[in-house]
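Please consult the sequence and the model while reading.

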Amino acid sequence: MEERNKTLGEFIIENQKAFQYSSGELSRIINSIRLAAKVVNYKVNKAGLVDIIGAAGEQNIQGEDQQKLDVYANEVFIQTLINREIVCGIASEENDDFITVQGSDNSHNNKYVILMDPLDGSSNIDVNVSLGTIFSVFRRITPIGTPVTSEDFLQPGVNQVAAGYVIYGTSTMLVYTTGHGVNGFTLNPAIGTFYLSHPNMKFPVNGNIYSVNEGNYVHFPQGVKNYIKYCQREEEDRPYTSRYIGSLVSDFHRNMIKGGIYLYPTSSKAPKGKLRLLYECNPMAFIAEQAGGKATDGFGRIMEIQPTELHQRVPFFCGSHNMVEKAEQFMAEAE
Ligand SMILES: O=P(O)(O)OC[C@H]1O[C@](O)(COP(=O)(O)O)[C@@H](O)[C@@H]1O
Ligand SMILES: [Mg+2]
Ligand SMILES: [Mg+2]
């Protein structure tokens with residue numbers, strides 16, 4: 001069978017042994033994400049037709065106005081994972097605290113916890129611009145058979161066993177890693193099957209796209225200002241392009257295909273940065289590193305940060321290896 005026509009299911013079965021998915025649980029988690037993504041995708045594609053546009057009227061723990069689609073996507077992913085009894089705990093951007101998941105026999109025998117941003121890029125929902133879902137999977141630390149604790153969720157990113165995203169764009173894709181490279185699957189909506197369309201995805205080492213919300217420029221650290229000025233330097237033939245979609249998943253995905261860097265630095269509005277370490281930065285960092293890219297907080301490796309809070313925020317510089325290194329150089333020189 002020609003590589004590119006392989007379905008997600010076939011890919012998982014073929015790689016089950018190779019990737020040592022322990023007892024198939026990890027592959028069942030990926031399959032659950034696949035199923036939930038199809039349900040959310042159906043709604044995203046109809047958002048303009050059904051009453052799923054606009055604010056839900058509540059604020060989440062982040063102090064952000066939840067959008068109806070945030071709430072819907074959160075419910076679909078959480079319910080799918082609970083119903084399939086394959087994780088022992090779930091943490092979400094939209095939930096104040098983590099959720100303990102018991103088996104139908106009230107056991108706590110599953111091995112994995114999952115953390116997720118059910119809908120990334122919420123500011124784009126009402127304007128018909130691409131959105132995403134991000135997930136991160138860890139093996140639990142506390143003993144099997146006992147309820148999960150915060151210790152199971154507050155693990156450094158280097159402990160991740162899987163991470164991925166769904167991008168609801170011109171086509172819907174599932175891109176994920178289990179620590180053996182990054183593979184992208186595109187949904188054929190006519191038959192509801194994901195096909196291996198982007199095997200072994202790699203970040204170009206260099207690139208000429210920088211993604212940052214330049215509206216915050218005056219509030220950025222000097223090192224970031226200097227890096228942006230470097231990208232805009234006059235003396236060259238303007239080798240850089242500024243592209244900012246406002247959905248982390250979309251900016252990341254474009255940069256991974258074309259080469260580029262995404263930056264969400266600290267600013268007066270976001271003194272610790274805006275993006276959340278556990279379910280945005282860690283999973284995207286895992287994917288970036290597995291694709292040969294780099295992810296730091298401007299000074300150190302994202303995946304080595306020891307989390308202290310479920311919703312903690314960190315500055316995020318992620319993308320083509322040499323571009324991130326260059327940005328870090330400007331950060332160090334400005335210290
Ligand atoms: O509008 P800003 O401040 O530039 O922030 C855009 C960033 O915020 C986010 O939308 C945050 O994610 P959520 O939409 O899940 O809250 C990122 O996807 C995006 O890159
Ligand atoms: Mg997000
Ligand atoms: Mg979100």
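Domain 1 (3-198) and domain 2 (209-334) each contribute at least three residues to the shell around ligand 1; the domain bounds come from an automatic or database domain assignment. This is a predicted model, in which local features need pLDDT of at least 70 and side-chain atom pairs count only at pLDDT 80 or more, while totals for chains, interfaces and linings use all residues. Residues are numbered from 1 along each chain as its sequence is written, and chains are lettered from A and ligands numbered from 1 in the order in which they are written.

The shell consists of Glu93, Asp117, Asp120, Gly121, Ser122, Ser123, Asn213, Gly246, Ser247, Leu248 and Lys274. A residue is near the ligand if its C-beta atom, placed from the backbone, lies within 6 Å of it. By class, the shell holds one nonpolar, six polar and four charged residues. Here Ala, Val, Leu, Ile, Met, Phe, Trp, Tyr, Cys and Pro count as nonpolar, Asp, Glu, Lys and Arg as charged, and the others, Gly among them, as polar.

The centres of domain 1 and domain 2, taken over C-alpha atoms, are 23 Å apart. Contact joins 35 residues of domain 1 to 28 residues of domain 2, where contact requires C-beta atoms, placed from the backbone, within 7 Å. On the domain 1 side, β5, β6, β7 and β8 each supply at least two of the touching residues.

## The two sheets

Helices (H or I, at least four residues) and strands (E, at least two) are DSSP runs, numbered from the N terminus. Two strands pair if DSSP finds at least two bridges between them.

One open sheet has eight strands in the order β4-β3-β5-β6-β7-β8-β9-β10, with mixed pairing. Its edge strands, β4 (99-100) and β10 (193-198), each pair on one side only. The other open sheet has five strands in the order β12-β11-β13-β15-β14, also with mixed pairing. Here β12 (241-242) and β14 (294-296) are at the edges with a single partner strand each, so one side of each lacks a neighbour in the sheet.

Axes are lines fitted to C-alpha atoms, for helices over the stretch in contact, and angles run from 0 to 180 degrees between N-to-C directions.

| Helix | Strands touched or crossed | Angle |
|---|---|---|
| α3 (residues 68-83) | β3, β4, β5, β6 | about 155 degrees with β5 |
| α6 (residues 277-290) | β14, β15 | about 150 degrees with β14 |

Conventions. Contact = placed C-beta atoms within 7 Å.
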